Amino acid sequence: MTTLLPARRAGHRPAGYSSGICAPAAPLWPGFLTGQEDSPVRVLLVEDDEFMRRVIAQELLSDLRIQLEGQAGSLRDGRRLLATHDFDVLMVDLRLGDGTGFDLIQEAREQHRTGEIIVISALEDESHVLRAFEMGATGYLLKDAWLQSFAQAVLQVVNGGAAITPRLARRLLSRLSYRPPGALPPAEPVQREATLTARECEILRFVARGHVTEEIGNKLGISGQTVNAHIKNIYKKLHVHSRAQAVSYAAYTGLI
């Protein structure tokens with residue numbers, strides 16, 4: 001069943017805090033970052049496990065920088081959400097009772113090219129993770145992981161970063177960094193069309209270090225609009241659809 005949620009007032013008390021108990025102070029949030037209380041990040045949540053969906057929804061609702069626009073528990077209802085709602089971030093499980101989350105990711109990419117996608121899954125094998133990123137996801141969170149915040153993940157991806165469960169990131173980094181003794185790096189040359197300018201490489205290095213658009217612009221003395229124009233050119237040259245994909249490809253091929 002698709003659940004639509006009404007907009008929250010600025011004075012809404014975070015879920016889980018009863019009358020007389022003060023909720024923790026909200027962290028300072030710079031004005032140049034996306035996700036202000038008067039213009040929160042719009043999120044759609046598609047998760048077939050009702051308990052898990054309730055846990056994630058409660059955390060998102062407790063953060064006034066995020067607006068949970070709707071929830072769904074199946075591929076069919078997830079498609080209805082995509083057809084009727086604009087969103088900034090789609091959070092989706094890979095295992096849905098009537099299909100796979102990959103189908104929804106593909107449709108989201110076709111219908112809402114600017115939206116970010118975070119996978120929430122119990123599947124942590126590299127094949128599923130890499131496929132999700134190849135399809136344009138910018139986040140991959142494991143359901144049973146500690147020390148992760150669903151709300152923080154939303155804010156990270158919508159501001160140009162990536163979100164991945166730490167232990168999964170560690171495994172992927174170990175896999176990418178391991179090279180048998182004496183092995184040589186790939187000899188395949190970078191295609192000419194994938195060659196980046198010096199400024200594009202500079203911007204991509206900042207992206208790889210986790211800087212958002214406004215921070216990059218301030219460091220380079222250019223506008224955020226110019227930074228985004230360079231990033232779009234990078235996407236076109238590398239044939240990618242997200243910052244995470246661009247960084248991964250450029251690092252693998254030696255562009256940065």
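**Close-up views of a predicted model**

**View 1. Histidine 85 sits in a loop.** Histidine 85 belongs to the loop between helix H2 (75–84) and strand S4 (89–93). Helices (H or I, at least four residues) and strands (E, at least two) are DSSP runs, numbered from the N terminus. The model is predicted: local features need pLDDT of at least 70, side-chain atom pairs count only at pLDDT 80 or more, and totals for chains, interfaces and linings use all residues. Residues are numbered from 1 along each chain as its sequence is written, and side-chain values use heavy atoms, with hydrogens and water left out. Is histidine 85 buried or exposed? Histidine 85 counts as buried, because its relative accessibility is 18%. Buried means under 20% relative accessible area, exposed over 50%, and partly exposed in between (1.4 Å probe, protein chains only). The side chains of histidine 85 and threonine 84 make a polar contact at 2.8 Å. A polar contact is a pair of N or O atoms within 3.5 Å; within protein, one must be able to donate a hydrogen and the other to accept it, and residues adjacent in sequence count only if both atoms are side-chain atoms.

**View 2. The whole protein gives the setting.** The secondary structure comes to 10 helices and 9 strands. The protein has 256 residues, of which 42% count as buried. Take the contacts between residues at least 6 apart in sequence: 67% join residues at least 24 apart. Contact means heavy atoms within 4.5 Å.

**View 3. Arginine 53 lies in helix H1 (residues 50–61)**. Arginine 53 has 14% relative accessibility and so counts as buried. Which backbone oxygen does its side chain reach? The side chain of arginine 53 reaches the backbone oxygen of glutamate 47, at 2.5 Å. Neighbours within four places in sequence aside, arginine 53 is in contact with Leu45, Glu47, Asp48, Gln71, Ala72 and Gly73. Alanine 72 is 19 residues from arginine 53 along the chain, and their C-alpha atoms are separated by 8.7 Å.

**View 4. Glutamate 107 is found in helix H3 (residues 101–111)**. Glutamate 107 counts as buried, because its relative accessibility is 18%. With neighbours within four places in sequence left aside, glutamate 107 is in contact with Arg79 and Leu82.

**View 5. Helix H5 is largely enclosed by the rest of the structure**. Why? In H5, 7 of the 9 residues are buried, so the helix is largely enclosed. The buried residues are Phe150, Ala151, Ala153, Val154, Leu155, Val157 and Val158. Serine 149 caps the N-terminal end of H5. A side-chain oxygen of serine 149 lies 3.4 Å from the backbone nitrogen of alanine 151. Just after H5, glycine 160 has a positive phi of about 95 degrees.

**View 6. Helix H8 has a buried face.** Thr213, Ile216, Gly217 and Leu220 of H8 are buried. Seen down the axis of H8, these buried residues fall within an arc of 100 degrees, so they line one face of the helix. The arc is that of the directions from the helix axis to the C-beta atoms. Glycine 221 follows H8, and its phi is positive, near 75 degrees.

**View 7. The second largest pocket holds about 890 Å³ of space**. On a 1 Å grid over the protein atoms alone, a pocket is an open set of points with protein on both sides within 12 Å along at least five of seven lines, and a cavity is a set of points where a 1.4 Å probe fits but cannot get out; lining residues have an atom within 4 Å of a point. Grid points are joined across faces, edges and corners, and a volume is the space filled by probe spheres set on the points. Which residues lie nearest the centre of the second largest pocket? Of its 29 lining residues, Thr114, Glu116, Asn228, Tyr235 and Arg243 lie nearest the centre. Helix H5 (150–158), helix H8 (213–220) and helix H9 (224–238) each give two or more residues to this lining. H9 supplies the largest share, 5 residues. The lining divides into 9 nonpolar, 11 polar and 9 charged residues. Ala, Val, Leu, Ile, Met, Phe, Trp, Tyr, Cys and Pro count as nonpolar, Asp, Glu, Lys and Arg as charged, and the others, Gly among them, as polar.

**View 8. The largest cavity holds about 30 Å³ of space**. A search of the whole structure finds 1 cavity of 30 Å³ or more. The lining of the largest cavity consists of Leu204, Val207, Ile231, Ile234, Tyr235, Arg243 and Ala246. Helix H7 (198–208), H9 and helix H10 (243–253) are the elements giving two or more residues to this lining. H9 gives the most, with 3 residues. By class, the lining of the largest cavity has 6 nonpolar, no polar and 1 charged residues.
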